[in-house]
Amino acid sequence: METTVKSYGRTELAQLYFPAICPRAAWAKLRLYMSDYPRLRTLLSCKRRTFLPVEVALIFDCLGRP
């Protein structure tokens, strides 16, 4: 199943990448992975709890689709 590019809550997106762990741990792990990519670091400093479609596309571009 192809994951669509749309707005996602940060824990919702994290759970797509790491479905076997709890939402808080999934977000912590996704944050750690995102910190390895300079293009994604700016997204980690956002105060919003959601990622816009253009941001999700950037995440998918760097990390691959879940």
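Me: Contact means heavy atoms within 4.5 Å. On that basis, which residues does Thr3 touch, not counting residues up to four places away in sequence?

Reply: This is a predicted model. In it, Thr3 touches Tyr8, Leu16, Phe60, Arg65 and Pro66, with residues up to four places away in sequence left out. Thr3 itself sits in the segment before strand 1.

Me: Why is Thr3 called buried?

Reply: Buried means under 20% relative accessible area. Thr3 has 12% relative accessibility, so Thr3 counts as buried.

Me: How do you know how many disulfides the structure holds?

Reply: The structure holds zero disulfides. A disulfide is a covalent bond between the sulfur atoms of two cysteines. The test is a pair of cysteine sulfur atoms within 2.5 Å. For Cys62, the closest cysteine sulfur is that of Cys46, 14 Å away, so this pair is too far apart for a bond.

Me: What makes Cys62 buried or exposed?

Reply: The relative accessibility of Cys62 is 15%. The cut-off for buried is under 20%, so Cys62 is buried. Cys22 comes out as partly exposed, because its relative accessible area is 45% and that class lies between the 20% and 50% limits.

Me: Why do the buried residues of helix 4 count as lining one face?

Reply: Helix 4 covers residues 53-63, and its buried residues are Glu55, Val56, Ile59, Phe60 and Cys62. Seen down the helix axis, these residues fall within an arc of 170 degrees, so they line one face of helix 4. The face turned away from that buried side carries the exposed residues Val54 and Asp61.

Me: Which elements do the buried residues of helix 4 pack against, and what follows the helix?

Reply: The buried residues of helix 4 pack against strand 1 (8-9), helix 1 (10-17), helix 2 (23-34), helix 3 and strand 2. After helix 4 comes Gly64, with a positive phi near 85 degrees.

Me: Why is Ser45 called exposed, and where is Ser45 found?

Reply: Exposed means over 50% relative accessible area, and Ser45 has 51%, so Ser45 is exposed. Ser45 is found in the loop between helix 3 (38-44) and strand 2 (50-51).

Me: What makes the approach of the Ser45 side chain to Thr42 a polar contact?

Reply: The Ser45 side chain reaches the backbone oxygen of Thr42 at 2.8 Å. The limit for a polar contact is 3.5 Å, so the distance meets the limit.

Me: What is the class of Ser35 by relative accessible area, and what does its side chain reach?

Reply: Ser35 has a relative accessible area of 26%, which falls between 20% and 50%, so Ser35 is partly exposed. A polar atom of the Ser35 side chain lies 2.6 Å from the backbone oxygen of Leu32. Ser35 belongs to the loop between helix 2 and helix 3. Leaving aside neighbours within four places in sequence, Ser35 is in contact with Arg41 and Leu44.

Me: How do you know how compact the protein is for its length?

Reply: The protein has four helices and two strands. Its radius of gyration is 11 Å, close to the 11 Å from the globule rule for 66 residues, so the protein is as compact as a globular protein of that length. The C-alpha trace spans about 25 × 25 × 20 Å along its principal axes. Among contacts with a separation of 6 or more, 50% join residues 24 or more positions apart.

Notes. Residues numbered from 1 in each chain as written. Predicted model: local features only at pLDDT ≥ 70, side-chain atom pairs only at ≥ 80, totals over all residues. Heavy atoms only, no water. Buried < 20%, exposed > 50% of the residue type's maximum accessible area, 1.4 Å probe, protein only. Polar contact = N/O pair within 3.5 Å; in protein donor to acceptor, adjacent residues only side chain to side chain. Arc of directions from axis to C-beta. Rg over C-alpha atoms; globule rule 2.2 N^0.38 Å.
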